[in-house]
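Here is the note you asked for, written so that it can be read with the model open beside it. Please look at the fold as a whole before going through the points one by one.

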Amino acid sequence: MLRVDLGRPLDPRTAVAGAVEIRGLHGGDVSGRIERLTLDPSGRAITVRLSAPLPDADVYTFRITDVLRTTSGEPLPGDAATTVAALAGDVDASGAVTAVDILAVRAHAGKPVDAATRVYDVNDSGDVTGADMLAARTRLGRRLPQ
Ligand SMILES: [Ca+2]
Ligand SMILES: [Ca+2]
């Protein structure tokens with residue numbers, strides 16, 4: 001799930017398939033994984049809900065297309081795109097899974113998971129345990145495409 005605040009009032013009738021495209025640097029167009037687009041109550045942010053996680057070890061560009069319009073019927077001005085990297089186990093966001101990531105997970109094992117430490121919960125279980133260290137270890141050497 002990705003929430004994008006676009007900072008202007010959006011027409012909910014245009015938050016439909018085709019309003020957002022997702023393209024992986026390595027894997028190409030994965031827009032078919034978009035399950036649903038919704039506007040939040042402010043009407044200025046769109047939430048992109050996926051039917052399945054994006055394939056790991058890729059860099060994705062989320063692009064807002066001209067299908068999405070403001071309440072005055074205009075497409076969004078400027079470069080309405082954002083880039084997101086997906087690399088499970090890369091807790092320090094270095095672009096590769098290394099021993100440093102495993103040590104960082106170990107340093108957070110058993111500590112409460114909050115917004116700041118959520119990244120160390122590699123298997124998204126709600127806590128940081130040896131299973132997260134193992135999840136990072138099995139991904140050692142994986143890296144984002146350049
Ligand atoms: Ca790393
Ligand atoms: Ca966990």
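The points below go from the overall layout to the sheet, a loop residue, the helices and the cores.

1. What you have is a predicted model, in which local features need pLDDT of at least 70, side-chain atom pairs count only at pLDDT 80 or more, and totals for chains, interfaces and linings use all residues. Residues are numbered from 1 along each chain as its sequence is written, while chains are lettered from A and ligands numbered from 1 in the order in which they are written.

2. The protein contains two helices and seven strands, where helices (H or I, at least four residues) and strands (E, at least two) are DSSP runs numbered from the N terminus. Followed along the sequence, these elements give the pattern β-β-β-β-β-β-β-α-α. Taken along the principal axes, the box filled by the C-alpha atoms is roughly 50 × 30 × 25 Å.

3. Of the 146 residues, 19% are buried; a residue is called buried if 20 or more other C-beta atoms lie within 10 Å of its own, exposed if 12 or fewer, and partly exposed in between, with the C-beta atoms placed from the backbone. Two residues are in contact if their C-beta atoms, placed from the backbone, lie within 7 Å. Among contacts with a separation of 6 or more, 57% join residues 24 or more positions apart.

4. The protein is divided into domain 1 (2-86) and domain 2 (89-146), with bounds that come from an automatic or database domain assignment. The centres of the two domains, taken over C-alpha atoms, are separated by 27 Å, and six residues of domain 1 are in contact with four residues of domain 2. On the domain 1 side of this meeting there are four nonpolar, one polar and one charged residues, where Ala, Val, Leu, Ile, Met, Phe, Trp, Tyr, Cys and Pro count as nonpolar, Asp, Glu, Lys and Arg as charged, and the others, Gly among them, as polar.

5. Which strands make up the open sheet, and in what order? Four strands are arranged as S3-S2-S6-S7, with antiparallel pairing, and two strands are said to pair if DSSP finds at least two bridges between them. Strand S3 (28-29) and strand S7 (81-86) stand at the edges with a single partner strand each, so one side of each has no neighbour in the sheet.

6. Strand S2 (residues 20-24) is joined to strand S6 (residues 58-64) by five bridges in the antiparallel sense. Within this pairing, Val20 has Ile64 of S6 as its bridge partner, and Arg23 has Thr61 of S6. S6 and S7 also run antiparallel, through six bridges, and here Thr61 stands opposite Thr83 in S7.

7. Leu54 lies in the loop between strand S5 (45-50) and S6. Is Leu54 buried or partly exposed? Leu54 is partly exposed, because it has 16 other C-beta atoms within 10 Å. Leaving aside residues up to four places away in sequence, Leu54 touches Val30, Arg33, Tyr60 and Ala86.

8. In H1, the buried residues are Asp101, Ile102, Val105 and His108. They cover an arc of only 130° around the axis, which puts them on the same side of H1; the arc is that of the directions from the helix axis to the C-beta atoms. The face turned away from this buried side carries the exposed residues Ala99 and Ala107. After H1 comes Gly110, whose phi is positive, near 80°.

9. Helix H2 (residues 130-137) has Asp132, Met133, Ala135 and Ala136 as its buried residues. Their arc around the axis is only 160°, which puts them on the same side of H2. These residues pack against helix H1 (99-108).

10. The largest nonpolar core has 12 residues in all, among them Ala57, Leu87, Ile102, Val105, Met133 and Ala136; such a core is a set of buried Ala, Val, Leu, Ile, Met, Phe, Trp, Tyr and Cys residues joined through C-beta atoms within 7 Å. H1 and H2 each supply at least two residues of this core, and H2 gives the most, with three residues. A second, separate core of nine residues includes Ala15, Ile22, Ile46 and Ile64.
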